[in-house]
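Reader: Hi! Could you walk me through a few spots in this one?

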Amino acid sequence: MLSSNDKKLEKLDLFYQPSVAKPKTSAEIISEARNALRTIRTQRPFTPREDQRKLFGPASSRTPENRPPSSFSLHASSFEPSDPRPISRARLSPLELKPKAPASPTTKKDLCLPFPKPPVDPVKIRRVSSARARFFRAAAQGAHLPDRMLPPTERKKTVESIERVMMGTSMVKINGTHLTESNAIGCLKSHPPQLTYDGGFSEIKEQEMFKEATSLPSYLRSRGSGKRNSRASSCPNSSDLSRLETKAVSKDNLQDENTETEVDDIFWNTKIVPILHELEKEENIEMVCAACTQLHHALEEGNMLGNKFKRRNILLKTLYKLVDVGSDPLSLKLAKIILALKVSRKNLLNVCKLIFKISRSEKNDSLIQNDSILESLLEVLRSEDLQTNTEAFLYCTGAIKFLSGNPRFLNEMISKDAVEILMNLIKQINENTKKCGTCFPNSGHLLVQVTATLRNLVDSPLARRKLLSVSALPQLCIVMGQYLDDADVCTNIARMFSKLTSYHDCCVALASYSRCYALFLNLINKYQKKQDLVVRIVFILGNLTAKNNQAREQFFKEKGSIPTLLALFRTFYKLDLHSERRQGEGREQPKAQVEDVLIKLTRVLANLAIHPGVGQAMAASPHVVGLLLTMLEHKSVDDCEELVINTTATINNLSYYQVKNSIIQDKRLYIAELLLKLLVSNNMDGILEAVRVFGNLSQDRDICDFIVQKNIHKFMIALLDAKHQDICFSACGVLLNLTVDQDKHVILKEEGGIKKLVDCLKDFGPTDWQLACLVCKTLWNFSENITNASSCFGDEDTNTLLVLLPSFLDEELALDGTFDQDLKNYHKLHWETEFKPVAQQLLNRIQSRHTFLEPLPIPAF
């Protein structure tokens with residue numbers, strides 16, 4: 001009689017056992033090969049590098065007439081001569097208009113003394129930039145100006161021509177002479193102020209300042225003419241006092257502006273004008289480039305960059321003329337200055353086109369990097385308005401896309417917040433589309449460039465972390481949903497997702513966005529024959545379902561999930577059948593691309609089958625099982641290794657479920673027949689997958705009979721010599737199931753089966769306690785109802801077992817391996833839960849049925 005423990009061991013469970021639930025560790029790399037339900041790995045779809053830099057590649061779905069050009073001509077005449085300055089959007093406070101009674105003509109006008117005002121704060125007068133203030137002080141103190149000066153005939157005494165408006169009187173001082181208003185006007189007419197540079201780069205402000213002086217309020221000007229201001233009362237009221245204070249502040253501001261204008265004049269004439277002369281006269285390109293660099297530094301020093309500089313249009317005209325030179329290094333220098341001057345609309349578009357045109361040549365990448373053009377382009381995307389400058393953004397992001405394909409720019413782009421800037425653009429486009437309820441055509445063109453750039457950037461771990469930090473994946477899904485009809489946008493995002501989901505944290509982030517599954521199914525239905533898109537969508541689904549049981553369930557519950565996958569399977573299976581003939585006619589895509597879709601599809605089915613509910617439903621589906629068997633019928637491992645192995649692995653996962661309505665169980669004998677050709681192949685991976693399927697199917701007696709009938713058991717015994725742990729493990733599982741039937745115990749003695757099992761225990765026991773457990777279970781089944789251990793196992797193998805088992809059951813000896821703590825815990829777990837109980841029972845049986853007495857010799861008669 002068997003003890004209760006023996007009876008438990010006699011009761012055979014499924015050959016494969018699911019992995020023990022515990023946190024993911026490095027030890028699971030070993031155990032994954034032992035799981036009954038296994039995920040399948042495959043390569044990410046290959047994306048060839050485009051030979052030419054264009055807005056849209058050769059595989060684009062856009063026709064040439066429906067997409068912006070990548071080639072165009074650009075000249076100085078393309079730019080607008082005067083770039084509009086920004087319009088102030090500040091709201092002015094309404095004036096307080098209080099009706100006042102008219103003064104009687106007979107009323108005597110009383111003299112009202114002016115309200116005293118506080119002295120002007122010297123800090124306000126000096127409100128100028130430190131750089132320009134130094135030039136102003138140097139000129140005021142008579143310091144020498146730089147050597148590069150204009151000819152004496154053109155040089156004007158700018159410092160001496162400072163105008164000073166005498167507030168409170170009608171006297172104006174011009175060039176040191178005090179004049180009344182009328183005399184001053186006549187003087188200006190007879191002696192108009194002359195420009196200090198014939199080309200018009202300088203503007204003298206005397207006339208403007210004189211207008212400012214002559215437009216003073218009448219109650220301030222009247223004091224010089226002896227007239228008193230007519231007022232209803234003889235003394236100022238509170239509102240009058242407030243106006244007086246306001247006018248006093250305005251006067252201070254006017255003086256500040258005058259001071260700053262003089263500083264601008266000096267800096268312009270001494271620093272900028274000489275460089276502009278050199279740009280117009282110099283013919284050597286290198287010297288012109290050096291002058292452009294000097295000009296940029298000077299403008300930056302004088303705080304003249306941006307769009308508020310008054311001589312900006314004059315400066316831009318000179319720069320635009322130099323575009324016609326046609327030199328790429330010079331054009332980059334010009335573009336950098338033009339962008340720094342904050343041009344807008346058409347001029348912004350043209351300068352972005354100029355950089356785009358230069359960036360199309362990869363040999364210019366070093367020039368772009370040296371001139372820090374990337375920073376200028378990112379600043380355009382950061383600061384300019386998207387809706388107003390959509391076309392400019394298109395060429396700007398197109399240039400950035402080209403640069404992102406160069407690994408030298410990768411770290412620079414990420415450090416300059418390219419990821420955040422591009423994602424902010426996507427967010428704006430999503431919001432605008434949602435608000436308007438429609439997609440703008442140019443936005444689609446722009447998204448192609450933005451998503452292609454992000455696709456290049458996600459190779460960096462830092463870029464991936466940034467994308468996760470700004471919740472980029474849901475935003476990208478929203479883009480795919482809104483631009484479902486734009487195949488280029490969807491393909492770029494699919495390429496990005498295929499990269500991102502290869503990493504666990506990104507895969508978890510996308511899987512948590514529950515709407516992505518319905519989105520991917522819609523894409524498959526819409527673009528069923530667009531191989532480059534659907535192969536990536538299916539690859540993404542395979543990644544999502546590889547490690548996440550919740551993702552498997554969510555996808556399966558989406559309406560039409562499995563039928564959509566099967567419809568895609570049938571479409572590409574038909575394409576595969578006719579691919580050779582059509583490829584010869586030049587009408588079909590290569591056979592490998594068609595097979596790649598089938599490979600990714602079988603991987604998704606295998607991963608879905610790991611979920612118990614999903615796996616049982618799929619095992620009971622005649623459509624799912626039928627397509628898988630069709631693959632095995634028409635494909636050989638020599639023709640398409642990965643497809644056949646993936647299909648076999650999917651059947652293995654489905655065969656795990658022993659349910660009544662399982663189609664796998666109904667067709668198990670036919671499946672066993674199909675697997676024979678894989679067993680006799682020279683492909684070890686294919687052999688391993690076929691043995692695993694036999695490990696599940698051999699739990700049925702008819703399959704065991706089939707194995708013996710076809711001499712497959714001999715093949716399994718031979719595999720024990722493979723010295724490959726996974727192959728030995730799977731082959732031992734089949735032998736274990738065979739030994740359940742007592743009639744088949746004898747097969748283990750054929751081909752030296754017992755000895756090979758003992759050798760496996762000796763070779764792999766200390767490093768693989770799961771395999772050691774299977775060997776002990778097989779020997780336990782084989783030794784059922786034995787009376788003598790030696791007669792059952794043989795003397796040599798019995799003695800070997802009596803030595804090995806006690807040593808393996810000693811915890812200190814068994815677990816004294818040179819492993820890290822993670823692997824030690826892993827080995828200890830399987831040693832305690834799997835190997836030790838079975839090995840102890842087997843040792844007890846052998847010891848109880850073994851005698852150490854030597855037999856007496858037979859006496860001779």
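This is a predicted model: local features need pLDDT of at least 70, side-chain atom pairs count only at pLDDT 80 or more; totals for chains, interfaces and linings use all residues.

Reader: Great, let's start with α9. How many residues does α9 have, and how far does it reach from its first C-alpha to its last?

Author: Helix α9 covers residues 285-301, which is 17 residues, and spans 24 Å from first C-alpha to last, close to the 24 Å expected at 1.5 Å a residue.

Reader: What caps its N-terminal end?

Author: Asn284 does, with a side-chain oxygen 2.9 Å from the backbone nitrogen of Glu286. After the helix comes Asn303, with a positive phi near 55 degrees.

Reader: And which residues of α9 are buried?

Author: Val288, Cys289, Ala291, Cys292, Leu295, His296, Ala298 and Leu299 are. In general, an α-helix has 3.6 residues a turn, so residues three or four places apart point the same way.

Reader: Nice. Switching to helix packing: at what angle do α30 and α33 pack?

Author: Helix α30 (residues 622-634) and helix α33 (residues 668-679) pack at about 35 degrees, and their axes are 10 Å apart. Their crossing is left-handed.

Reader: Which residues make that contact?

Author: From α30 there are Leu629, Leu632 and Glu633, and α33 brings Tyr670, Ile671, Leu674 and Lys677. By type, the contact of α30 with α33 has five nonpolar residues, two charged ones and no polar ones.

Reader: OK, new topic: Asp576. Where does it lie, and is it buried or exposed?

Author: Asp576 lies in helix α26, residues 561-577. Asp576 counts as buried because its relative accessibility is 4%, and the cut-off for buried is under 20%.

Reader: What does Asp576 touch, beyond residues up to four places away in sequence?

Author: Asp576 touches Lys591, Val594, Glu595, Leu598 and Lys635. As for Ala592, 16 residues from Asp576 along the chain, the two C-alpha atoms are 8.9 Å apart.

Reader: Last one, Thr545. Where is it?

Author: Thr545 sits in the loop between α24 (531-544) and α25 (549-557). Thr545 is buried as well, since its relative accessible area is 1%.

Reader: What is Thr545 in contact with, leaving aside neighbours within four places in sequence?

Author: Ala551, Arg552, Asn607 and Leu608 are in contact with Thr545.

Conventions. Residues are numbered from 1 along each chain as its sequence is written. Side-chain values use heavy atoms; hydrogens and water are left out. Axes are lines fitted to C-alpha atoms, for helices over the stretch in contact, and angles run from 0 to 180 degrees between N-to-C directions. Helices (H or I, at least four residues) and strands (E, at least two) are DSSP runs, numbered from the N terminus. A crossing is left-handed if the near helix is turned anticlockwise from the far one by less than a right angle, and right-handed if clockwise. Contact means heavy atoms within 4.5 Å. Ala, Val, Leu, Ile, Met, Phe, Trp, Tyr, Cys and Pro count as nonpolar, Asp, Glu, Lys and Arg as charged, and the others, Gly among them, as polar. Buried means under 20% relative accessible area, exposed over 50%, partly exposed in between (1.4 Å probe, protein chains only). The expected span of a helix is 1.5 Å times one less than its number of residues. A polar contact is a pair of N or O atoms within 3.5 Å; within protein, one must be able to donate a hydrogen and the other to accept it, and residues adjacent in sequence count only if both atoms are side-chain atoms.
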